[in-house]
Amino acid sequence: MANEIRFDGRVAIVTGAGAGLGRTYALELARRGAKVVVNDYGGARDGSGTGSSSPADAVVKDIKDKGGEAVANYDNVATVEGGEGMVKTAVDAYGTVDILVNNAGILRDKGMLKMEPENWQAVIAVHLKGAYDVTKPAFTVMREKGYGRIVMTSSSSGLYGNFGQSNYGAAKVALVGFMNTLKLEGAKYNIKVNTVAPSAASRLTEDVLPPDLFQQLKPEFVMPLVVYLCSEECPVSGNIYHAMFNSYNRIALMTSSGIAITDGKKVPTVEDVVAKWDKVADMAGAKEYPALNDLTMAMMGAIQANA
Ligand code: NAI
């Protein structure tokens, strides 16, 4: 097929690939020629339990039955040793790492008043620290070889807000910050880092989504977007994409053009700011900035123009 996206010779790690979304990514990457490390700790939905090898083993079997190449890994992403273990599995089995999908996830929903430290920490540990634990050793290999594709998994829960998910939302948006820096640090080495915010039926959403919607939102719908972000053909770095059912869109952080208040010699009063509030908040003409430096340059330009 012309323009077919292939992964021959590529080595991918997909964390939390024993079920749900991660499983669909692992199966498709393997079907398109990648050698896949299928990581899954196999714990409960809230991350409790001592783990199980069955979810990862089942996906590896599925891949091999279809003629693909895969190896199982049962490490916990929430430990430094776990992250290093996954990369070691990839390097020992297949010699390198080209692709990392940080996908493993748990939920511990609580309203703020009941958000005890253990629920906060467990969710931050798997989603945020977990992504760091695996990315650090994978990035080392990618930088050395001058190639890499990394996908972070955020959530509209954090990007827009959702009751009872302050721990999860905080961790998921923190991954956008993680991406924003890695896209800069990886650019010179052809390491592209993007983020998916998926919406799909899985163990995590079975009691969240209405049953009829749950039937429809198959995780396979998210898969093509993520697989493209994992490919050599991926044209972007530092972007966030939302995928839900048959719809795909980009999400971006926009900055309003704002307004200079006073001539810059006098510090404005609170009332001076209030008087210009509409202009401060006006998003007409808002822009995206690819990095902090670009925002700073734009602001410096505006300051000089107003001086
Ligand atoms: P899922 O529960 O079906 O799959 C997550 C997998 O991660 C499980 O197999 C689990 O065993 C594994 N896992 C959990 N903790 C782990 C750890 N410490 N180390 C290694 N593996 C671990 O859930 P789903 O929906 O497929 O979630 C995948 C990712 O997508 C998660 O990061 C989730 O937060 C995110 N997401 C999912 C949404 C959805 O609508 N399903 C919405 C937004 C984000």
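Q: Which residues does S155 touch, leaving aside residues up to four places away in sequence?

A: In this predicted model, S155 touches Y168, K172 and A197, with residues up to four places away in sequence not counted. S155 itself lies in the loop between β5 (148-153) and α5 (156-160).

Q: Is S155 buried or exposed?

A: The reading rests on relative accessible area, where buried means under 20%. S155 has a relative accessible area of 7%, so this residue is buried.

Q: Which strands pair with β5, and in what sense?

A: Strand β4 (residues 99-101) pairs with β5 in the parallel sense over three bridges, and L100 stands opposite I150 in β5. The chain crosses from β4 to β5 through helix α4 (residues 117-145), and this β-α-β crossover is right-handed. Strand β6 (residues 191-199) also pairs with β5 in the parallel sense, over six bridges, and I191 in β6 is the bridge partner of G148.

Q: Why is β2 described as largely enclosed?

A: The description follows from the burial of its residues: four of the five residues of strand β2 (residues 35-39) are buried, so the strand is largely enclosed by the rest of the structure.

Q: How many aromatic pairs does a search of the whole structure find, and what is their geometry?

A: For such a pair one reads the distance between ring centres together with the angle between ring planes, and planes over 60 degrees apart count as edge-to-face. The search of the whole structure finds one aromatic pair. The rings of F221 and F245 have their centres 4.8 Å apart and their planes at 70 degrees, so the pair is edge-to-face. F221 lies in the loop between α7 (211-216) and α8 (223-229), and F245 in the loop between β7 (240-244) and β8 (247-251), so the pair ties together parts that are 24 residues apart in sequence. F221 is partly exposed, at a relative accessible area of 28%, and F245 also counts as partly exposed, at 26%.

Q: Where does the charged end of R10 sit?

A: The charged end of R10 sits over the ring of Y147, 3.7 Å from the centre of that ring.

Q: How many disulfides are there, and what is the nearest cysteine sulfur to that of C230?

A: A disulfide requires a pair of cysteine sulfur atoms within 2.5 Å, and by this rule the count comes to zero. C230 is in no disulfide, and the nearest cysteine sulfur, that of C234, is 8.5 Å away. C234 is likewise in no disulfide, its nearest cysteine sulfur being that of C230. C230 counts as buried at 1% relative accessibility, and C234 counts as buried at 1% as well.

Note on methods: Residues numbered from 1 in each chain as written. Predicted model: local features only at pLDDT ≥ 70, side-chain atom pairs only at ≥ 80, totals over all residues. Heavy atoms only, no water. Buried < 20%, exposed > 50% of the residue type's maximum accessible area, 1.4 Å probe, protein only. Helix = DSSP H or I, 4+ residues; strand = E, 2+ residues; numbered from the N terminus. Phe/Tyr/Trp six-rings, centres within 6.5 Å; stacked < 30°, edge-to-face > 60°. Lys NZ or Arg CZ within 6 Å of the ring centre and 35° of its normal. Contact = heavy atoms within 4.5 Å. Pairing = 2+ DSSP bridges. Right-handed = clockwise from strand over helix to strand, strands pointing away.
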